[in-house]
Structure formats: C-alpha cells, structure tokens
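Dear colleague,

Please find the structure below, together with its sequence.

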Amino acid sequence: MSKQQAQSGIVILDPVVREVARSGKTAPRLASLEGATVGILENLKPKAKELLTLVYEELARRHKLAGSVLMTSGSSSRPAPAAVLDEMARKCDIVLVGLGD
C-alpha cells in the first residue's frame with residue numbers, strides 16, 4: 001500500500017494475472033486418433049464440460065479411441081496448474097481445451 005493510498009483509505013487492487021514466460025515446443029501432431037487417449041480439460045465455465053464432452057463423443061464416433069481423461073483447470077481465469085498439465089501429458093495423447101458460457 002502506497003502512502004497516498006494509506007492517506008485516502010482507498011486500496012487499489014490490480015486484477016491482472018502476470019504472464020509467465022514458458023519455453024518449450026509443441027508436441028508433434030498424431031498421425032491418427034486410432035487408439036488415442038483424449039484428455040478433456042474443462043475450466044469450470046458453465047457448459048464447458050458438456051461442450052468438450054460432446055466434441056469427445058463426436059471424435060469417439062469417428063475414431064476408435066482408447067478412452068478419455070477428464071480434469072479441471074481449477075479456474076477459468078488462470079492457467080491450469082503445472083501438476084494438472086503434467087498429469088494430462090503423461091496420460092493423454094491429445095487434450096481438448098475450450099471455454100463454456
């Protein structure tokens with residue numbers, strides 16, 4: 001809290017999430033979805049889980065998938081925790097990510 005804020009009694013909060021620089025490269029594309037495990041990473045927005053599940057069901061209708069892994073990012077306004085992303089990377093061949101509302 002600055003001296004000016006302390007004198008006025010008004011506290012100004014900064015709601016901006018600071019960007020975290022990450023390094024690395026994207027995973028190579030799969031040659032086929034046959035036998036793939038599909039991750040569904042929903043972000044708690046209304047209907048996000050339902051929307052992503054519908055996309056998964058359409059993929060499963062078109063391809064012989066191994067199954068799915070459903071996880072949540074924990075927040076719609078922040079990136080998923082590294083532990084969630086690491087677990088999805090270990091368990092899934094591809095991951096569906098999107099927003100609801």
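Is Val 69 buried or exposed? Please note before reading on that the model is predicted. Val 69 has a relative accessible area of 16%, and because buried means under 20%, this residue counts as buried.

The surroundings of Val 69 may be described next. Val 69 belongs to strand E2, which covers residues 67-72. Leaving aside residues up to four places away in sequence, Val 69 touches Thr 37, Val 38, Gly 39, Ile 40, Met 88, Lys 91 and Cys 92.

A second topic is charge. Side chains of opposite charge can pair when their charged atoms come close. The structure holds 4 salt bridges. One of them joins the side chains of Arg 18 and Asp 14, at 2.4 Å from N to O. Arg 18 is exposed, at 55% relative accessible area, while Asp 14 is partly exposed, at 48%.

Which residues form a network of salt bridges? Glu 58, Arg 61 and Arg 62 are linked in this way. Glu 58 meets Arg 61 at 2.5 Å, N to O, and Arg 62 with its closest N and O atoms 2.8 Å apart. Glu 58 and Arg 61 both lie in helix H2 (residues 48-62), 3 residues apart, about one turn of the helix. Glu 58 and Arg 62 are 4 residues apart in helix H2, so about one helical turn separates them. Glu 58 is partly exposed, at 29%, whereas Arg 61 is exposed, at 61%, and Arg 62 is exposed, at 57%.

Yours sincerely

Methods
Residues are numbered from 1 along each chain as its sequence is written. This is a predicted model: local features need pLDDT of at least 70, side-chain atom pairs count only at pLDDT 80 or more; totals for chains, interfaces and linings use all residues. Side-chain values use heavy atoms; hydrogens and water are left out. Helices (H or I, at least four residues) and strands (E, at least two) are DSSP runs, numbered from the N terminus. Buried means under 20% relative accessible area, exposed over 50%, partly exposed in between (1.4 Å probe, protein chains only). Contact means heavy atoms within 4.5 Å.
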